[in-house]
Amino acid sequence: MAPSPTAVSGLLRQVIQYHLDNASYDNALFFAERFVAQDPRSSDATHLHALCHLRLGDYRSAYDVGKPMGYRGTNLGCAWVFAQACLALERFKDGITALEKSKILWSSKGSLGKNGALLRAGGSPDAAAVLCLLGKLYRGYDDKKKAAGAFEEALKLNPFQWDAFTALCDMGVNVRVPNIFRSSDLLARSFDPESAIATKTPASVANSNSLEMAPKKSTLRSLASDLGSDPFNVGFSLSEATSPLADVFSESTDGDLMTKIQSARMRLGTSNSNLSLFDGHETPPGPAAGDAPSRMVGGQDPPQAPPRRVRQAQGFDAGLEAPPRMNYRLSAKRSTRSEDRDVQQAVEPIPDVPVAAVGTRAAAMATADRKRTLSGHPVSRTANIDDAGTRRSARLTTFKPSSRANSGAATIGASAGRELKKARPPISRIVRPGSSGANVGRVVSGNRKPIDDHADIDHGEASRVREPATSTQTTTQPPLAPKQADDGAKMEEAVRWIMDVMKKLGNGYYFLSRFQCQEALQALSSLPPAHQGTPWVLAQMGRAHYEQASHAEAEKFFRRMRVQAPSRLQDMEVYSTILWHLKRETDLSFLAHELVDSAWHSPQAWCALGNAWSLAKDPEQALKCFKRATQLDPKFAYAFTLQGHEHVTNEEYEQALTAYRQAISADKRHYNAYYGIGRVQERLGDYEKALTHFQAAQSINPNNAVLVSWIGTVLERQKQIMPALKAYTKAVELAPRAALTRYKKAHALLAIGQIEEAEKELVILKDLAPNEGHVHFLLGTLYRSMNERQLAVRHFTIALALDPKAGPMIKEAIERFEDDLPMDDSIMT
């Protein structure tokens, strides 16, 4: 008989999802191909096939597989995978078309707070995830307006879409961070309090109290699939797994074990074929004690079946001990040795009763089912009839003491064994004189082995057992309202705390994207200490100091970040540039070789190596490294900028302009490229174009002292001294320890005759850069104008020693010292 195609497809689908969940993508792809071959017209098979290629990084195959259904937008899963492949392959228009055509399928979906199983059941992402992907596609397509709109809608639906927020910041969009990351009742209700608060890690589960219930997900069906199909578990029978008692161990969403026992009892009443052999026993026949270890799953036995209340004397052998009472504890901590001892002492095998020996319930209740006292006398028939008329499920949840004051008779059931064991020690199995053999094997308190309450009882279960049962159909009620309210309050508090942390992180990133570095540092410094020490936060704080030209402070944060995350590649090009500015050739070389050895195919590693060659005064090798970085990632704008800087060093201005323009093409907000073009135009003498590009760079980064300083330089070249002095003054305020900026300000002050102000600036500058020949040359010029001959000659001599290349100019200044001729101070440019 041919198998059902639906069953085969369902089986393959589960196998593929299993391998995807466990990151076995090669296995998932293998079975996905089988799924497509089995059902080539299935959109689900196409979706899973394309998804496997996407997870493996094979974007072209994912594009080709998902295009037939994804491009038309008929299946959201195919459209989703196809759009992601389009983003990786930079085929932005195709991805946009696919998502727009399938908009009716995802516009109303939301899965925030849902687990992975529910998400897989839907087979597709929700609206927030699709909008985020759509925004990335529009951004790649250079449609800034639609990209910003998609990102904003994604954040409205799900404020945890962090990449949507960072994309808005990187695009330069004005964002109100407090309005995005704010807590609300609707957001708190999106999460399940029980799964978020009561979820335990594997370690906590292993160390939890033995009274806690075992996880409900270990169903009997999974037990059958794990043990029954195992070729090494020959003692397990699949017929046992398909028993009507299977639902006792199955997963339940709102019920407990007692509810499952009751529902199983109802089904047992209607079953005639499979359960007829069990009518003469209190428990269904199970394996012998020697087979018990083979039933263990993960070192733990499955729970025992509940005791049957109907009894027949013919079903028991007088030489056997009574079966043990029901043990409700699902997670025991007893060792294997103690378990074996308990099995030998308390559970002896009960022979199966032939069908012919099993009579009806009415015949069995004639005399043998009457309760007996410890002395062997039967209890009155009225009490027995009342007890027989009570349902087993009701008796399991009711403790009914004996009507006789001193009879010592035990109520049969779970509560009887728990209560009466405190008052009477175990009684021997030897038959007393005057008692019949039918007494042996009956469940009375004296036959039971005393068991400690604290080692065997779930206290929550025991409290339910002792409550009187009012109805045979009573089910477990939902959790009490106070507990639900407490869980909801905890969830609201957690969401509020997370949103507060997200708000601080968002403010820090937003301020840094706007180059408001001081505000960014304040926002990131307000984070909890545990979050301040994370690599991402340390890198952002290091970048903030770098943008302020505080290279020494920036290096400290990046060094700490490298200690915590030595394999991190992001922002390493900035760290290498910081070391270049600090002239730390050894540290930079070590960083470059470490990055190249660990990540040969990363552009950051080649940028670091290029900076190391640049610091070693080898621009040709540096250019090769920077070009290699741009080959690895054509969108890596900073590598193009560094390449342009090296071309400027070699006075290759056309090549430099080309590199800077490529950087702008990769990132329109990359202000370093505008700054580089301004530098080239300034060297070529086109001060108007230079001023235009410097101002364009300043519009992106208004707080960069270097940009403001170069604006002042160009204005000074155009003989606009006062505007240039204002620019220099602003640059000094932004970066008080920037030596070059302060030098240019002192030069401008000296040019307009403000000698005292210039002297103050130069004294500070001499402490900041004591080994700069230009500083001493300017000091010599200052003292010459003040007729301080000795100081002037001294600083001219120091400048000549520090900068021999400027020797002819310095000697000329000294020779003209006695003359009143104006001095050419072009060396100070």
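## Burial and overall make-up

Of the 829 residues in the chain, 44% are buried (under 20% relative accessible area; exposed means over 50%, partly exposed in between, with a 1.4 Å probe and protein chains only). The model is predicted: local features need pLDDT of at least 70, side-chain atom pairs count only at pLDDT 80 or more, and totals for chains, interfaces and linings use all residues. Residues are numbered from 1 along each chain as its sequence is written, and side-chain values use heavy atoms, with hydrogens and water left out.

The chain holds 45 helices and 0 strands (DSSP runs numbered from the N terminus: H or I of at least four residues for helices, E of at least two for strands). Among contacts in the chain with a separation of 6 or more, 59% join residues 24 or more positions apart. A contact means heavy atoms within 4.5 Å.

## Helices α33 and α34

Helix α33 spans residues 603-615 and helix α34 spans residues 619-632. Their axes come within 8 Å and cross at roughly 170° (lines fitted to C-alpha atoms over the stretch in contact, with angles from 0 to 180 degrees between N-to-C directions). The two helices are therefore roughly antiparallel (over 145 degrees; under 35 is roughly parallel, 65 to 115 roughly perpendicular, the rest oblique). The crossing is left-handed, meaning that the near helix is turned anticlockwise from the far one by less than a right angle; clockwise would be right-handed.

From α33, the contact uses P603, W606, C607, L609, G610, N611, W613 and S614. From α34 come Q621, A622, C625, F626, R628, A629 and L632. By class, these are 10 nonpolar, 4 polar and 1 charged (nonpolar: Ala, Val, Leu, Ile, Met, Phe, Trp, Tyr, Cys and Pro; charged: Asp, Glu, Lys and Arg; polar: the others, Gly among them).

## Helices α42 and α43

Helix α42 covers residues 755-768, and helix α43 covers residues 773-785. Their axes come within 10 Å and cross at roughly 150°. This pair is therefore roughly antiparallel, and its crossing is left-handed.

On the α42 side, I755, A758, E759, L762, L765 and K766 make the contact. On the α43 side, V775, H776, L778, L779, L782, Y783 and S785 take part. The residues divide into 9 nonpolar, 2 polar and 2 charged.

## Two loop leucines

L112 sits in the loop between α7 (103-106) and α8 (116-122). It counts as partly exposed because its relative accessibility is 21%. Leaving aside neighbours within four places in sequence, L112 contacts D126, N158, F160, L187, S190 and F191. N158 is 46 residues away along the chain, yet the C-alpha atoms of L112 and N158 are 7.2 Å apart.

L582 is in the loop between α31 (572-581) and α32 (585-598). At 24% relative accessibility, L582 is partly exposed. Beyond its neighbours within four places in sequence, L582 contacts H551, A552 and E555.

K745 belongs to helix α41 (residues 739-751). Its relative accessible area is 13%, so K745 is buried. With neighbours within four places in sequence set aside, K745 contacts L725, Y728, T729, V732 and E761.
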